[in-house]
Amino acid sequence: MMEKAYQERLTAIKANSDLTILDMDSTYRAKSQPVTPYIVYTDFDRAQNEKSSSIFVYTAYENVDKYGHSKTDYQNELLFNYDVWSKTIHITVLETLGAESQLAFYDFQNHGLAQLALSHLIQVARQKQVKAIDGNVSSFDGDSLKKVMALYQKFNFDFKVQDQQQGLASFNLML
């Protein structure tokens with residue numbers, strides 16, 4: 001059933017001219033890091049005048065209904081703005097369907113999906129000769145901030161914490 005859902009989603013992504021596949025792993029492994037199979041895709045190159053774009057990560061893992069169809073089109077979205085003139089990217093949202101989301105039917109957190117999205121954003125940024133990637137974090141509490149910081153620091157982002165207790169910080173990566 002997972003293979004059917006994966007193939008259906010892959011076919012839909014390939015058929016959409018607004019989407020570009022960045023990476024995929026069609027190997028089926030349960031309980032792996034990251035969850036597989038997965039497809040990393042973007043709408044970044046669609047229209048030059050659009051500033052907001054996303055990198056999505058889809059997996060069929062725990063995402064298949066009783067008919068063999070995907071329940072959701074993606075489990076992770078990294079939403080960002082690209083400024084072509086200053087050659088910068090500003091991350092606005094990095095969201096993984098998880099236990100805190102009322103829409104989640106499975107907790108996809110801690111399976112490497114956000115890492116896949118971030119690593120591909122950095123690859124795209126280097127291809128576009130981006131000078132810096134930045135963003136802000138508002139995680140509502142210090143424990144969540146620590147998790148977010150650990151993720152971004154894996155990719156050498158620098159953090160400036162404004163309020164540890166409230167979970168407020170900004171981050172930056174010079175390329």
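Me: Where is Asp43 placed?
Reply: In this predicted model, Asp43 sits in the loop between strand 2 (38-42) and strand 3 (52-59).

Me: Is Asp43 buried or exposed?
Reply: Asp43 has a relative accessible area of 9%. That counts as buried because the cut-off is under 20%.

Me: What does the side chain of Asp43 reach?
Reply: The backbone nitrogen of Ser54, at 2.7 Å.

Me: And which residues does Asp43 touch, leaving out those up to four places away in sequence?
Reply: Asp18, Leu19, Ser53, Ser54 and Phe56.

Me: New topic, helix 2. What span should its 15 residues have, and how far apart are the end C-alpha atoms?
Reply: Helix 2 covers residues 113-127.

Me: Which residues of helix 2 are buried?
Reply: Leu113, Ala114, Leu116, Ala117, Leu118, His120, Leu121, Ile122, Val124 and Ala125.

Me: What comes just after helix 2?
Reply: Gln129, which takes a positive phi of about 55 degrees.

Me: Now the whole protein chain. How many helices and strands?
Reply: Three helices and eight strands. Along the sequence the order is α-β-β-β-β-β-α-β-α-β-β.

Me: How much of the chain is buried?
Reply: Of its 175 residues, 43% are buried.

Conventions: Residues numbered from 1 in each chain as written. Predicted model: local features only at pLDDT ≥ 70, side-chain atom pairs only at ≥ 80, totals over all residues. Heavy atoms only, no water. Helix = DSSP H or I, 4+ residues; strand = E, 2+ residues; numbered from the N terminus. Expected span 1.5 Å × (residues − 1). Buried < 20%, exposed > 50% of the residue type's maximum accessible area, 1.4 Å probe, protein only. Polar contact = N/O pair within 3.5 Å; in protein donor to acceptor, adjacent residues only side chain to side chain. Contact = heavy atoms within 4.5 Å.
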